[in-house]
Protein chains: 2
Amino acid sequence: MVQLQRVAIAQTQISNRHIDLTAEQQHYLGRVLRLQAGDRFIVIDGSGHWWLAQLLVMLPAPPPQAEILEEISVQNQELAIEVRLGVSLPKTGFDEVVRYCTELGVSQIVPLISQRTVLKPSSQKVERWRRIIREAAEQSERQIIPTLLDPLPFEKALADGLGLNLTSTSQQYICVARGDLPHLYGCMSQSGGDAIAIFTGPEGGWTSAEVEMATACGFQAVSLGRRILRAVTAPVVALSCVSTIAEMKARSPDC
Amino acid sequence: MVQLQRVAIAQTQISNRHIDLTAEQQHYLGRVLRLQAGDRFIVIDGSGHWWLAQLLVMLPAPPPQAEILEEISVQNQELAIEVRLGVSLPKTGFDEVVRYCTELGVSQIVPLISQRTVLKPSSQKVERWRRIIREAAEQSERQIIPTLLDPLPFEKALADGLGLNLTSTSQQYICVARGDLPHLYGCMSQSGGDAIAIFTGPEGGWTSAEVEMATACGFQAVSLGRRILRAVTAPVVALSCVSTIAEMKARSPDC
(Lines give C-alpha, C1' and ligand atoms only; values in the text may rest on other atoms or scores of the structure.)
Protein backbone atom coordinates (compact mmCIF):
# COMPACT_ATOMS: atom_id res chain seq x y z
CA MET A 1 0.00 0.00 0.00
CA VAL A 2 1.34 3.41 -0.92
CA GLN A 3 0.52 6.58 0.93
CA LEU A 4 -0.85 8.67 -1.90
CA GLN A 5 -3.39 11.44 -1.65
CA ARG A 6 -6.57 11.14 -3.72
CA VAL A 7 -7.93 14.08 -5.66
CA ALA A 8 -11.36 13.92 -7.24
CA ILE A 9 -11.65 15.45 -10.71
CA ALA A 10 -14.23 15.68 -13.43
CA GLN A 11 -13.68 13.58 -16.57
CA THR A 12 -13.67 16.84 -18.55
CA GLN A 13 -10.48 17.93 -16.76
CA ILE A 14 -8.50 15.20 -18.52
CA SER A 15 -7.32 15.75 -22.05
CA ASN A 16 -4.66 13.58 -23.68
CA ARG A 17 -3.20 12.46 -20.30
CA HIS A 18 -2.90 16.07 -19.15
CA ILE A 19 -4.95 17.10 -16.13
CA ASP A 20 -6.28 20.63 -16.13
CA LEU A 21 -6.20 21.35 -12.35
CA THR A 22 -8.59 23.94 -10.95
CA ALA A 23 -7.22 26.82 -8.88
CA GLU A 24 -8.57 25.12 -5.74
CA GLN A 25 -6.91 21.82 -6.63
CA GLN A 26 -3.63 23.63 -7.29
CA HIS A 27 -3.95 25.31 -3.90
CA TYR A 28 -4.79 22.01 -2.20
CA LEU A 29 -1.95 20.00 -3.74
CA GLY A 30 0.65 22.76 -3.48
CA ARG A 31 -0.20 24.72 -0.35
CA VAL A 32 -2.13 22.30 1.84
CA LEU A 33 -0.48 18.97 1.02
CA ARG A 34 2.83 20.64 0.05
CA LEU A 35 3.47 18.28 -2.85
CA GLN A 36 6.50 19.04 -5.03
CA ALA A 37 7.07 18.65 -8.77
CA GLY A 38 7.47 14.93 -9.46
CA ASP A 39 5.34 13.90 -6.47
CA ARG A 40 2.63 11.39 -7.26
CA PHE A 41 -1.00 11.33 -6.25
CA ILE A 42 -4.15 9.49 -7.20
CA VAL A 43 -6.81 10.98 -9.39
CA ILE A 44 -10.34 9.58 -9.16
CA ASP A 45 -13.33 10.48 -11.27
CA GLY A 46 -15.96 9.35 -8.77
CA SER A 47 -17.22 6.56 -10.99
CA GLY A 48 -14.68 3.89 -10.23
CA HIS A 49 -11.68 5.02 -12.27
CA TRP A 50 -8.41 5.61 -10.48
CA TRP A 51 -5.25 6.96 -12.08
CA LEU A 52 -1.74 7.42 -10.81
CA ALA A 53 -0.79 11.02 -11.58
CA GLN A 54 2.30 13.17 -11.21
CA LEU A 55 2.71 16.86 -10.43
CA LEU A 56 4.72 18.73 -13.07
CA VAL A 57 5.37 22.33 -12.00
CA MET A 58 5.05 23.93 -8.60
CA LEU A 59 3.93 27.16 -7.04
CA PRO A 60 4.87 29.98 -6.59
CA ALA A 61 6.20 29.80 -10.15
CA PRO A 62 3.74 28.93 -12.92
CA PRO A 63 0.69 27.15 -11.48
CA PRO A 64 1.18 23.40 -11.06
CA GLN A 65 0.12 21.05 -13.81
CA ALA A 66 -0.31 17.31 -13.66
CA GLU A 67 -0.23 14.37 -16.00
CA ILE A 68 -1.62 10.87 -15.81
CA LEU A 69 0.94 8.06 -15.57
CA GLU A 70 -1.29 4.98 -15.63
CA GLU A 71 -4.70 3.68 -14.68
CA ILE A 72 -4.81 1.83 -11.36
CA SER A 73 -6.70 -1.40 -10.96
CA VAL A 74 -7.89 -1.81 -7.39
CA GLN A 75 -10.39 -4.00 -5.66
CA ASN A 76 -12.01 -0.96 -4.26
CA GLN A 77 -13.05 -1.04 -0.60
CA GLU A 78 -13.08 2.74 -0.46
CA LEU A 79 -16.19 4.85 -0.02
CA ALA A 80 -17.53 6.24 -3.29
CA ILE A 81 -17.61 9.64 -1.61
CA GLU A 82 -14.63 11.62 -0.32
CA VAL A 83 -15.14 12.48 3.34
CA ARG A 84 -13.25 15.32 4.99
CA LEU A 85 -13.89 15.41 8.70
CA GLY A 86 -13.27 18.44 10.89
CA VAL A 87 -13.23 17.38 14.54
CA SER A 88 -13.04 19.94 17.30
CA LEU A 89 -10.31 18.43 19.47
CA PRO A 90 -11.70 16.65 22.55
CA LYS A 91 -9.78 16.72 25.85
CA THR A 92 -9.07 13.00 25.55
CA GLY A 93 -10.00 10.24 23.15
CA PHE A 94 -8.77 11.61 19.83
CA ASP A 95 -6.82 8.34 19.41
CA GLU A 96 -10.18 6.58 19.21
CA VAL A 97 -11.58 9.16 16.77
CA VAL A 98 -8.79 8.73 14.23
CA ARG A 99 -8.75 4.94 14.59
CA TYR A 100 -12.51 4.41 14.16
CA CYS A 101 -12.88 6.98 11.40
CA THR A 102 -9.99 5.51 9.42
CA GLU A 103 -11.63 2.09 9.62
CA LEU A 104 -14.88 3.62 8.43
CA GLY A 105 -13.41 5.18 5.30
CA VAL A 106 -12.58 8.84 6.09
CA SER A 107 -10.35 10.61 3.53
CA GLN A 108 -9.00 13.47 5.59
CA ILE A 109 -9.19 14.47 9.25
CA VAL A 110 -8.67 18.05 10.39
CA PRO A 111 -8.32 18.69 14.14
CA LEU A 112 -10.17 21.94 14.76
CA ILE A 113 -9.41 24.54 17.40
CA SER A 114 -12.83 25.96 18.28
CA GLN A 115 -13.85 28.32 21.07
CA ARG A 116 -14.42 25.54 23.61
CA THR A 117 -11.42 23.47 22.57
CA VAL A 118 -9.12 22.92 25.52
CA LEU A 119 -6.40 20.64 24.13
CA LYS A 120 -3.37 22.21 22.47
CA PRO A 121 -1.64 19.14 21.05
CA SER A 122 2.13 18.86 20.74
CA SER A 123 3.63 17.89 17.38
CA GLN A 124 4.52 14.50 18.94
CA LYS A 125 0.82 13.97 19.63
CA VAL A 126 -0.06 14.79 16.01
CA GLU A 127 2.61 12.34 14.80
CA ARG A 128 1.18 9.69 17.14
CA TRP A 129 -2.28 10.19 15.58
CA ARG A 130 -0.75 9.84 12.09
CA ARG A 131 0.85 6.56 13.18
CA ILE A 132 -2.49 5.28 14.50
CA ILE A 133 -4.12 6.22 11.18
CA ARG A 134 -1.48 4.33 9.18
CA GLU A 135 -1.91 1.24 11.36
CA ALA A 136 -5.69 1.39 11.22
CA ALA A 137 -5.65 1.84 7.42
CA GLU A 138 -3.49 -1.25 7.03
CA GLN A 139 -5.54 -3.27 9.51
CA SER A 140 -8.80 -2.43 7.79
CA GLU A 141 -7.33 -3.02 4.31
CA ARG A 142 -7.85 0.51 3.01
CA GLN A 143 -6.49 1.45 -0.41
CA ILE A 144 -5.45 4.87 0.83
CA ILE A 145 -4.15 6.22 4.09
CA PRO A 146 -6.24 9.16 5.25
CA THR A 147 -4.46 12.48 5.72
CA LEU A 148 -4.31 14.15 9.13
CA LEU A 149 -3.73 17.88 8.77
CA ASP A 150 -2.11 19.95 11.49
CA PRO A 151 -4.65 21.50 13.90
CA LEU A 152 -6.48 24.41 12.28
CA PRO A 153 -8.48 27.26 13.80
CA PHE A 154 -12.21 26.76 13.24
CA GLU A 155 -12.59 30.01 11.27
CA LYS A 156 -9.76 29.12 8.94
CA ALA A 157 -11.18 25.64 8.27
CA LEU A 158 -14.57 27.21 7.56
CA ALA A 159 -13.16 29.78 5.19
CA ASP A 160 -11.80 27.22 2.77
CA GLY A 161 -14.45 24.56 3.54
CA LEU A 162 -11.65 22.05 4.19
CA GLY A 163 -10.59 22.61 0.59
CA LEU A 164 -13.95 21.39 -0.59
CA ASN A 165 -15.03 24.45 -2.56
CA LEU A 166 -13.94 22.36 -5.51
CA THR A 167 -17.18 21.32 -7.07
CA SER A 168 -20.68 22.64 -7.07
CA THR A 169 -21.93 19.28 -5.81
CA SER A 170 -19.98 19.29 -2.55
CA GLN A 171 -21.91 19.01 0.69
CA GLN A 172 -20.90 20.69 3.93
CA TYR A 173 -22.46 19.83 7.29
CA ILE A 174 -21.95 20.94 10.86
CA CYS A 175 -23.29 18.47 13.46
CA VAL A 176 -25.07 20.15 16.36
CA ALA A 177 -26.06 18.25 19.52
CA ARG A 178 -29.33 19.90 20.51
CA GLY A 179 -32.19 21.49 18.64
CA ASP A 180 -34.73 20.21 16.19
CA LEU A 181 -32.49 19.78 13.18
CA PRO A 182 -32.74 17.46 10.17
CA HIS A 183 -30.72 14.25 10.42
CA LEU A 184 -27.44 13.94 8.54
CA TYR A 185 -28.64 10.70 6.94
CA GLY A 186 -31.78 12.28 5.49
CA CYS A 187 -29.90 15.27 4.12
CA MET A 188 -27.16 13.16 2.56
CA SER A 189 -29.61 10.68 1.04
CA GLN A 190 -31.26 13.49 -0.86
CA SER A 191 -28.00 14.97 -2.12
CA GLY A 192 -25.63 13.90 -4.81
CA GLY A 193 -22.00 14.83 -5.08
CA ASP A 194 -18.73 13.04 -4.61
CA ALA A 195 -17.27 14.96 -1.68
CA ILE A 196 -18.47 15.95 1.76
CA ALA A 197 -17.18 18.00 4.67
CA ILE A 198 -18.50 17.24 8.17
CA PHE A 199 -17.68 19.20 11.31
CA THR A 200 -18.27 17.82 14.81
CA GLY A 201 -17.98 19.86 17.99
CA PRO A 202 -16.05 19.82 21.27
CA GLU A 203 -17.20 18.94 24.80
CA GLY A 204 -19.88 21.47 25.61
CA GLY A 205 -20.69 21.88 21.93
CA TRP A 206 -20.21 24.68 19.47
CA THR A 207 -21.04 28.23 20.54
CA SER A 208 -24.10 29.59 18.77
CA ALA A 209 -21.81 32.14 17.11
CA GLU A 210 -19.82 29.28 15.61
CA VAL A 211 -22.93 27.56 14.26
CA GLU A 212 -24.09 30.85 12.72
CA MET A 213 -20.69 31.43 11.20
CA ALA A 214 -20.72 27.94 9.67
CA THR A 215 -24.19 28.28 8.18
CA ALA A 216 -23.20 31.67 6.75
CA CYS A 217 -20.32 29.83 5.03
CA GLY A 218 -22.70 27.36 3.38
CA PHE A 219 -22.62 24.62 6.01
CA GLN A 220 -25.92 22.98 6.88
CA ALA A 221 -26.60 22.36 10.58
CA VAL A 222 -27.66 18.75 11.10
CA SER A 223 -28.43 16.30 13.90
CA LEU A 224 -26.92 12.87 14.60
CA GLY A 225 -29.99 11.82 16.57
CA ARG A 226 -31.80 12.76 19.74
CA ARG A 227 -29.31 11.13 22.06
CA ILE A 228 -26.54 13.28 23.51
CA LEU A 229 -23.21 12.01 22.16
CA ARG A 230 -19.73 12.65 23.53
CA ALA A 231 -17.34 14.72 21.42
CA VAL A 232 -15.45 11.48 20.74
CA THR A 233 -18.55 9.54 19.68
CA ALA A 234 -20.08 12.11 17.31
CA PRO A 235 -17.46 11.78 14.51
CA VAL A 236 -17.66 7.97 14.70
CA VAL A 237 -21.43 8.07 14.34
CA ALA A 238 -21.19 10.60 11.50
CA LEU A 239 -18.76 8.33 9.64
CA SER A 240 -20.94 5.26 10.28
CA CYS A 241 -23.81 7.20 8.80
CA VAL A 242 -21.86 8.27 5.70
CA SER A 243 -20.50 4.77 5.14
CA THR A 244 -23.99 3.28 5.44
CA ILE A 245 -25.35 5.72 2.87
CA ALA A 246 -22.47 5.06 0.48
CA GLU A 247 -23.01 1.32 0.93
CA MET A 248 -26.75 1.53 0.33
CA LYS A 249 -26.32 3.67 -2.78
CA ALA A 250 -23.72 1.26 -4.20
CA ARG A 251 -25.93 -1.79 -3.78
CA SER A 252 -28.66 -3.22 -5.87
CA PRO A 253 -31.99 -2.93 -4.06
CA ASP A 254 -31.70 -6.35 -2.45
CA CYS A 255 -32.43 -6.45 1.26
CA MET B 1 -32.97 8.53 36.82
CA VAL B 2 -33.95 5.12 38.10
CA GLN B 3 -32.37 1.90 36.96
CA LEU B 4 -35.44 0.05 35.76
CA GLN B 5 -35.63 -2.60 33.11
CA ARG B 6 -37.98 -2.06 30.19
CA VAL B 7 -40.24 -4.81 28.92
CA ALA B 8 -42.16 -4.42 25.71
CA ILE B 9 -45.72 -5.73 25.73
CA ALA B 10 -48.70 -5.69 23.43
CA GLN B 11 -51.61 -3.43 24.39
CA THR B 12 -53.79 -6.56 24.50
CA GLN B 13 -51.77 -7.89 27.44
CA ILE B 14 -53.11 -5.14 29.70
CA SER B 15 -56.54 -5.53 31.23
CA ASN B 16 -57.73 -3.39 34.13
CA ARG B 17 -54.17 -2.52 35.27
CA HIS B 18 -53.22 -6.21 35.30
CA ILE B 19 -50.48 -7.33 32.91
CA ASP B 20 -50.83 -10.79 31.46
CA LEU B 21 -47.15 -11.75 31.11
CA THR B 22 -46.16 -14.31 28.49
CA ALA B 23 -44.13 -17.36 29.52
CA GLU B 24 -41.06 -15.79 27.90
CA GLN B 25 -41.56 -12.53 29.78
CA GLN B 26 -41.97 -14.43 33.04
CA HIS B 27 -38.73 -16.28 32.31
CA TYR B 28 -36.94 -13.06 31.38
CA LEU B 29 -38.05 -11.09 34.45
CA GLY B 30 -37.67 -13.94 36.91
CA ARG B 31 -34.78 -16.05 35.66
CA VAL B 32 -32.67 -13.69 33.57
CA LEU B 33 -33.11 -10.37 35.41
CA ARG B 34 -33.83 -12.10 38.75
CA LEU B 35 -36.49 -9.62 39.79
CA GLN B 36 -38.36 -10.37 43.02
CA ALA B 37 -41.98 -9.78 44.01
CA GLY B 38 -42.40 -6.05 44.61
CA ASP B 39 -39.62 -5.11 42.20
CA ARG B 40 -40.51 -2.47 39.68
CA PHE B 41 -39.92 -2.33 35.96
CA ILE B 42 -41.07 -0.29 33.00
CA VAL B 43 -43.63 -1.55 30.54
CA ILE B 44 -43.67 -0.02 27.07
CA ASP B 45 -46.12 -0.68 24.29
CA GLY B 46 -43.82 0.40 21.48
CA SER B 47 -45.98 3.36 20.52
CA GLY B 48 -44.80 5.87 23.08
CA HIS B 49 -46.61 4.74 26.24
CA TRP B 50 -44.54 3.92 29.27
CA TRP B 51 -45.88 2.55 32.54
CA LEU B 52 -44.26 1.88 35.86
CA ALA B 53 -45.16 -1.71 36.77
CA GLN B 54 -44.61 -4.00 39.72
CA LEU B 55 -44.02 -7.74 39.92
CA LEU B 56 -46.54 -9.51 42.16
CA VAL B 57 -45.63 -13.17 42.57
CA MET B 58 -42.39 -14.94 41.85
CA LEU B 59 -41.13 -18.19 40.46
CA PRO B 60 -40.75 -21.06 41.26
CA ALA B 61 -44.13 -20.73 42.96
CA PRO B 62 -47.08 -19.64 40.83
CA PRO B 63 -45.87 -17.84 37.71
CA PRO B 64 -45.19 -14.14 38.23
CA GLN B 65 -47.88 -11.59 37.58
CA ALA B 66 -47.56 -7.86 37.24
CA GLU B 67 -49.68 -4.79 37.67
CA ILE B 68 -49.44 -1.26 36.39
CA LEU B 69 -48.75 1.40 39.01
CA GLU B 70 -48.85 4.56 36.90
CA GLU B 71 -48.18 5.94 33.46
CA ILE B 72 -44.81 7.60 33.07
CA SER B 73 -44.42 10.88 31.27
CA VAL B 74 -40.96 11.14 29.77
CA GLN B 75 -39.36 13.31 27.21
CA ASN B 76 -38.33 10.26 25.35
CA GLN B 77 -34.79 10.17 23.97
CA GLU B 78 -34.89 6.39 23.75
CA LEU B 79 -34.88 4.44 20.52
CA ALA B 80 -38.34 3.30 19.44
CA ILE B 81 -36.88 -0.18 19.02
CA GLU B 82 -35.45 -2.38 21.76
CA VAL B 83 -31.91 -3.42 20.87
CA ARG B 84 -30.25 -6.43 22.44
CA LEU B 85 -26.64 -6.69 21.44
CA GLY B 86 -24.57 -9.86 21.69
CA VAL B 87 -20.88 -9.01 21.43
CA SER B 88 -18.27 -11.71 21.22
CA LEU B 89 -15.75 -10.48 23.80
CA PRO B 90 -12.72 -8.79 22.20
CA LYS B 91 -9.28 -9.16 23.79
CA THR B 92 -9.29 -5.46 24.71
CA GLY B 93 -11.59 -2.54 24.14
CA PHE B 94 -14.87 -3.79 25.62
CA ASP B 95 -14.90 -0.62 27.77
CA GLU B 96 -15.31 1.32 24.54
CA VAL B 97 -18.01 -1.03 23.26
CA VAL B 98 -20.25 -0.63 26.30
CA ARG B 99 -19.67 3.14 26.50
CA TYR B 100 -20.41 3.89 22.82
CA CYS B 101 -23.35 1.50 22.59
CA THR B 102 -24.95 2.91 25.74
CA GLU B 103 -24.71 6.39 24.26
CA LEU B 104 -26.29 5.12 21.06
CA GLY B 105 -29.34 3.65 22.75
CA VAL B 106 -28.71 -0.08 23.33
CA SER B 107 -31.15 -1.83 25.70
CA GLN B 108 -29.14 -4.87 26.70
CA ILE B 109 -25.58 -6.05 26.11
CA VAL B 110 -24.61 -9.70 26.33
CA PRO B 111 -20.90 -10.57 26.29
CA LEU B 112 -20.65 -13.75 24.22
CA ILE B 113 -18.10 -16.52 24.58
CA SER B 114 -17.62 -17.78 21.03
CA GLN B 115 -15.07 -20.23 19.63
CA ARG B 116 -12.45 -17.57 18.94
CA THR B 117 -13.08 -15.60 22.14
CA VAL B 118 -9.90 -15.34 24.17
CA LEU B 119 -10.90 -13.15 27.12
CA LYS B 120 -12.35 -14.79 30.22
CA PRO B 121 -13.43 -11.75 32.21
CA SER B 122 -13.36 -11.69 36.01
CA SER B 123 -16.49 -10.61 37.88
CA GLN B 124 -14.66 -7.37 38.77
CA LYS B 125 -14.30 -6.68 35.07
CA VAL B 126 -18.02 -7.23 34.50
CA GLU B 127 -18.82 -4.89 37.40
CA ARG B 128 -16.48 -2.30 35.88
CA TRP B 129 -18.38 -2.52 32.57
CA ARG B 130 -21.68 -2.06 34.45
CA ARG B 131 -20.26 1.07 36.10
CA ILE B 132 -19.18 2.46 32.70
CA ILE B 133 -22.69 1.79 31.37
CA ARG B 134 -24.31 3.63 34.28
CA GLU B 135 -22.01 6.61 33.81
CA ALA B 136 -22.51 6.67 30.04
CA ALA B 137 -26.30 6.43 30.44
CA GLU B 138 -26.30 9.42 32.77
CA GLN B 139 -23.92 11.41 30.59
CA SER B 140 -25.98 10.83 27.47
CA GLU B 141 -29.27 11.52 29.31
CA ARG B 142 -30.80 8.11 28.74
CA GLN B 143 -34.14 7.28 30.35
CA ILE B 144 -33.02 3.74 31.08
CA ILE B 145 -29.74 2.18 32.01
CA PRO B 146 -28.95 -0.71 29.67
CA THR B 147 -28.53 -4.13 31.24
CA LEU B 148 -25.23 -5.99 30.97
CA LEU B 149 -25.75 -9.72 31.41
CA ASP B 150 -23.02 -12.04 32.65
CA PRO B 151 -20.96 -13.57 29.82
CA LEU B 152 -22.90 -16.28 28.01
CA PRO B 153 -21.74 -19.11 25.72
CA PHE B 154 -22.62 -18.36 22.10
CA GLU B 155 -24.82 -21.46 21.74
CA LYS B 156 -26.82 -20.59 24.84
CA ALA B 157 -27.41 -17.02 23.65
CA LEU B 158 -28.52 -18.35 20.27
CA ALA B 159 -30.89 -20.87 21.77
CA ASP B 160 -33.02 -18.26 23.48
CA GLY B 161 -32.34 -15.51 20.92
CA LEU B 162 -31.29 -13.20 23.76
CA GLY B 163 -34.78 -13.64 25.16
CA LEU B 164 -36.23 -12.15 22.00
CA ASN B 165 -38.47 -15.04 20.96
CA LEU B 166 -41.18 -12.87 22.44
CA THR B 167 -42.98 -11.59 19.42
CA SER B 168 -43.34 -12.73 15.87
CA THR B 169 -42.04 -9.37 14.66
CA SER B 170 -38.61 -9.64 16.30
CA GLN B 171 -35.55 -9.42 14.08
CA GLN B 172 -32.33 -11.32 14.68
CA TYR B 173 -29.10 -10.55 12.84
CA ILE B 174 -25.56 -11.86 12.94
CA CYS B 175 -22.96 -9.48 11.47
CA VAL B 176 -20.34 -11.21 9.34
CA ALA B 177 -17.17 -9.43 8.16
CA ARG B 178 -16.60 -10.93 4.71
CA GLY B 179 -18.80 -12.25 1.96
CA ASP B 180 -21.41 -10.71 -0.25
CA LEU B 181 -24.16 -10.25 2.29
CA PRO B 182 -27.04 -7.76 2.43
CA HIS B 183 -26.43 -4.69 4.58
CA LEU B 184 -27.97 -4.47 8.06
CA TYR B 185 -29.49 -1.09 7.18
CA GLY B 186 -31.32 -2.42 4.12
CA CYS B 187 -32.68 -5.43 5.99
CA MET B 188 -33.84 -3.40 8.96
CA SER B 189 -35.44 -0.71 6.78
CA GLN B 190 -37.64 -3.33 5.18
CA SER B 191 -38.69 -4.91 8.48
CA GLY B 192 -41.07 -3.83 11.16
CA GLY B 193 -41.04 -4.94 14.76
CA ASP B 194 -40.18 -3.37 18.05
CA ALA B 195 -37.24 -5.50 19.12
CA ILE B 196 -33.99 -6.60 17.54
CA ALA B 197 -31.09 -8.87 18.44
CA ILE B 198 -27.70 -8.24 16.82
CA PHE B 199 -24.62 -10.40 17.23
CA THR B 200 -21.10 -9.17 16.37
CA GLY B 201 -18.03 -11.41 16.25
CA PRO B 202 -14.59 -11.65 17.85
CA GLU B 203 -11.15 -10.90 16.41
CA GLY B 204 -10.75 -13.31 13.53
CA GLY B 205 -14.51 -13.47 13.06
CA TRP B 206 -17.07 -16.17 13.66
CA THR B 207 -16.29 -19.71 12.54
CA SER B 208 -18.41 -20.81 9.60
CA ALA B 209 -20.01 -23.39 11.92
CA GLU B 210 -21.13 -20.56 14.18
CA VAL B 211 -22.67 -18.60 11.31
CA GLU B 212 -24.49 -21.74 10.14
CA MET B 213 -25.73 -22.42 13.64
CA ALA B 214 -27.05 -18.85 13.92
CA THR B 215 -28.87 -18.92 10.60
CA ALA B 216 -30.39 -22.28 11.56
CA CYS B 217 -31.72 -20.53 14.68
CA GLY B 218 -33.43 -17.85 12.60
CA PHE B 219 -30.66 -15.26 12.56
CA GLN B 220 -30.02 -13.48 9.28
CA ALA B 221 -26.36 -13.02 8.27
CA VAL B 222 -25.73 -9.37 7.34
CA SER B 223 -22.87 -7.04 6.43
CA LEU B 224 -21.82 -3.76 8.03
CA GLY B 225 -20.09 -2.63 4.83
CA ARG B 226 -17.16 -3.63 2.67
CA ARG B 227 -14.53 -2.26 5.01
CA ILE B 228 -12.96 -4.63 7.52
CA LEU B 229 -13.91 -3.49 11.03
CA ARG B 230 -12.27 -4.40 14.31
CA ALA B 231 -14.26 -6.49 16.79
CA VAL B 232 -14.57 -3.32 18.90
CA THR B 233 -15.80 -1.16 16.03
CA ALA B 234 -18.46 -3.52 14.61
CA PRO B 235 -20.96 -3.19 17.50
CA VAL B 236 -20.58 0.61 17.49
CA VAL B 237 -21.29 0.75 13.76
CA ALA B 238 -24.24 -1.65 14.15
CA LEU B 239 -25.73 0.57 16.86
CA SER B 240 -25.13 3.73 14.80
CA CYS B 241 -26.98 2.03 11.98
CA VAL B 242 -29.93 1.02 14.16
CA SER B 243 -30.16 4.45 15.74
CA THR B 244 -30.11 6.13 12.33
CA ILE B 245 -32.94 3.90 11.10
CA ALA B 246 -34.99 4.53 14.23
CA GLU B 247 -34.38 8.24 13.84
CA MET B 248 -35.34 8.28 10.16
CA LYS B 249 -38.52 6.29 10.77
CA ALA B 250 -39.55 8.62 13.60
CA ARG B 251 -39.17 11.75 11.52
CA SER B 252 -41.42 13.43 9.08
CA PRO B 253 -39.94 13.24 5.60
CA ASP B 254 -38.16 16.58 5.86
CA CYS B 255 -34.55 16.58 4.81
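Trainee: How many bridges join strand β7 of chain A to β12(A), and do they run parallel or antiparallel?

Mentor: Strands pair if DSSP finds at least two bridges between them. Strands here are DSSP runs (E, at least two residues), and helices are runs of H or I, at least four residues, numbered from the N terminus. In this predicted model, six bridges join β7 (residues 82-88) of chain A to β12(A), and the two run parallel. A:Val83 has A:Ile196 as its bridge partner.

Trainee: Which residue in β12(A) is the bridge partner of A:Gln171?

Mentor: A:Ile196. Four bridges join β11 (residues 171-175) of chain A to β12(A), again parallel. From β11(A) the chain crosses through helix α5 (residues 184-189) of chain A to β12(A), a right-handed β-α-β crossover. Right-handed means that, with the strands pointing away from the viewer, the path from the first strand over the helix to the second runs clockwise.

Trainee: What rotation superposes chain A on chain B?

Mentor: Two copies of a chain are related by a rotation about an axis and a shift along it. Here the rotation is 180° with 0.0 Å of shift, RMSD 0.1 Å, by least squares on C-alpha atoms of residues with pLDDT of at least 70 in both. That is the relation of a two-fold axis.

Mentor: Residues are numbered from 1 along each chain as its sequence is written, and chains are lettered from A in the order written. Local features need pLDDT of at least 70, and side-chain atom pairs 80 or more, while totals for chains, interfaces and linings use all residues; side-chain values use heavy atoms, without hydrogens and water.
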